[in-house]
2 protein chains.
Amino acid sequence: MRILLVEDELDLAKALIAALARHDIVVDHVTTLALAEEAAHSGVHSAVILDRKLPDGDGLSLIPRLREIQEGLPIIVLSALGSPDHRVTGLETGADDYLAKPFLVDELLARIRAVMRRPVQMMESSVTVGRLKFDLHESAAMIDGEPLVLPRRELLALDLLVRRAGRVVNRSALEEAVYGFDDDIASNTLDAHISRLRRKLTPAGVEIHAIRGIGYLLRALP
Amino acid sequence: MRILLVEDELDLAKALIAALARHDIVVDHVTTLALAEEAAHSGVHSAVILDRKLPDGDGLSLIPRLREIQEGLPIIVLSALGSPDHRVTGLETGADDYLAKPFLVDELLARIRAVMRRPVQMMESSVTVGRLKFDLHESAAMIDGEPLVLPRRELLALDLLVRRAGRVVNRSALEEAVYGFDDDIASNTLDAHISRLRRKLTPAGVEIHAIRGIGYLLRALP
DNA sequence: ACCGCCGCAATGCAGGGGCAATGTTGGTCC
DNA sequence: GGACCAACATTGCCCCTGCATTGCGGCGGT
């Protein structure tokens, strides 16, 4: 995962880069709005962490432009101004999440993960893999235009797999998606769900490939 | 996207603004026809959501003026639980779509998107599933041309189910559609309505399929 | 005053999913 | 290259939760 960090406080930036690096997140760091916009055009980032107070303006002003450049790009706003009002403004302007300084790095990590998982693109978005079409809003699966009715757990798993189609989804992320945060499962039930999903999807030209020790990968069959 | 909301019920307006904000839609909110007309002159809005019952008159009277100010501006009319007569009037006066209260926020969002997507063009006015024909504006059901009289709750449920025919409607959405925002039901009454609806629709080749843990799905019987 | 809608609750029913047993694959170490 | 182990696959079982159905009673409308 590669993230764009827009932050002019060098100490904080350095700490964040180090912390994110420990979680295998590559960070591109810029210090101004202008540089951020330029960097965003590369289109390689999975999310943006955006400070508000910057040398050349308020980070919020960048949000619409970022959205133009890359529809649905997750944006997390950082701010020293932590009053609730500001929080609302931040979200209304189109950020996906808002974090007041000072914050725990772990919290930021959690938000990044959450925001990545979220259905970011709001305008009718659906993903097609093989003969499977999955509507991200409705969480509805179709095969050849026929709705495919799935039980809840299988649907939750498929939802995440489809969002990351072609990329590896690690096991714990799937567990979290299927069971929620609190629920605690102590067996191979997830495997069972995957197995049943697989049986339904393989005929539609969709493969769920297991990556041993890591997770699963959904892709179209050759 | 920026929308003009003309609504004098402050609670509803507040809820709508918050909901739309979550989808990156900026809302300008006014409470009277006069203020609405003034706001429309700014020309920055992509659509107008217009309540009918307003302190200074019927929202419908504003439609011609809005059309003068900005040709082709999409207009969605809201109205208190509508008698069929009102629905017709709403569309005849030139609104692009018409939504009876209580409605789902999701439904409104869908209409906004739909209305934005296509240039001014009349709405699809009826949906046919199996031998059931449902008029979306009149909220009237027909089987083989014979009008099917339904009680209010069943009609509200069917209305939503038909709009999402072939797609899953989740339970809470149905509850909201049938009971409105405030009404709080603490029993399986919805199930009862569905059951009765089902009895009336199955003979007409329409199935209401339960998706356990999620909701219902209306479709034509094979 | 009657009729029909609707909220409610009791009862019956079955699909879903957690679990575990067993089979299979792939990776590693000698 | 073979043997061992750990991770994944598959399947059957069984309980429980959530849905279906129906009758009852109250209330509102005509």
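This briefing covers a sheet in chain A, a helix in chain B and the protein surface around DNA strand D. The model is predicted: local features need pLDDT of at least 70 and side-chain atom pairs count only at pLDDT 80 or more, while totals for chains, interfaces and linings use all residues. Residues are numbered from 1 along each chain as its sequence is written, chains are lettered from A and ligands numbered from 1 in the order in which they are written, and side-chain values use heavy atoms, with hydrogens and water left out.

**Sheet of chain A**

- In chain A, 3 strands form an open antiparallel sheet in the order E12-E14-E13; strands (E, at least two residues) and helices (H or I, at least four) are DSSP runs numbered from the N terminus, and two strands pair if DSSP finds at least two bridges between them.
- E12 (168–170) and E13 (206–211) of chain A are at the edges with a single partner strand each, so one side of each has no neighbour in the sheet.
- From one strand to the next, the twist averages 25 degrees.
- E12(A) pairs with E14(A) (residues 215–220) in the antiparallel sense over 3 bridges, and Val169(A) stands opposite Tyr216(A) in E14(A).

**Helices on the sheet**

- Helix H6 of chain A (residues 152–163) lies across E12, E13 and E14 of chain A, at about 70 degrees to E14(A); axes are lines fitted to C-alpha atoms, for helices over the stretch in contact, and angles run from 0 to 180 degrees between N-to-C directions.
- Helix H8 of chain A (residues 189–201) packs on the sheet and touches E13 and E14 of chain A, its direction making about 150 degrees with that of E13(A); contact means heavy atoms within 4.5 Å.

**Helix H7 of chain B**

- Ala173(B), Leu174(B), Ala177(B), Val178(B) and Tyr179(B) are the buried residues of H7(B) (residues 171–179); buried means under 20% relative accessible area (1.4 Å probe, protein chains only).
- These residues pack against H6 (152–163), E12 (168–170), H8 (189–201) and E14 (215–220) of chain B.

**Surface near DNA strand D**

- DNA strand D is surrounded by 24 residues, the closest being Arg198(A), Tyr216(A), Arg198(B), Arg212(B) and Tyr216(B); a residue is near if one of its heavy atoms lies within 4 Å.
- Of the atoms of DNA strand D within 4 Å of the protein, 67% belong to sugar and phosphate.
- An N or O atom in the side chain of Tyr216(B) is 2.6 Å from a phosphate oxygen of DNA strand D.
- H8 of chain A and H8 of chain B are the elements that give two or more residues to this surface.

Note on methods. Buried < 20%, exposed > 50% of the residue type's maximum accessible area, 1.4 Å probe, protein only. Polar contact = N/O pair within 3.5 Å; in protein donor to acceptor, adjacent residues only side chain to side chain.
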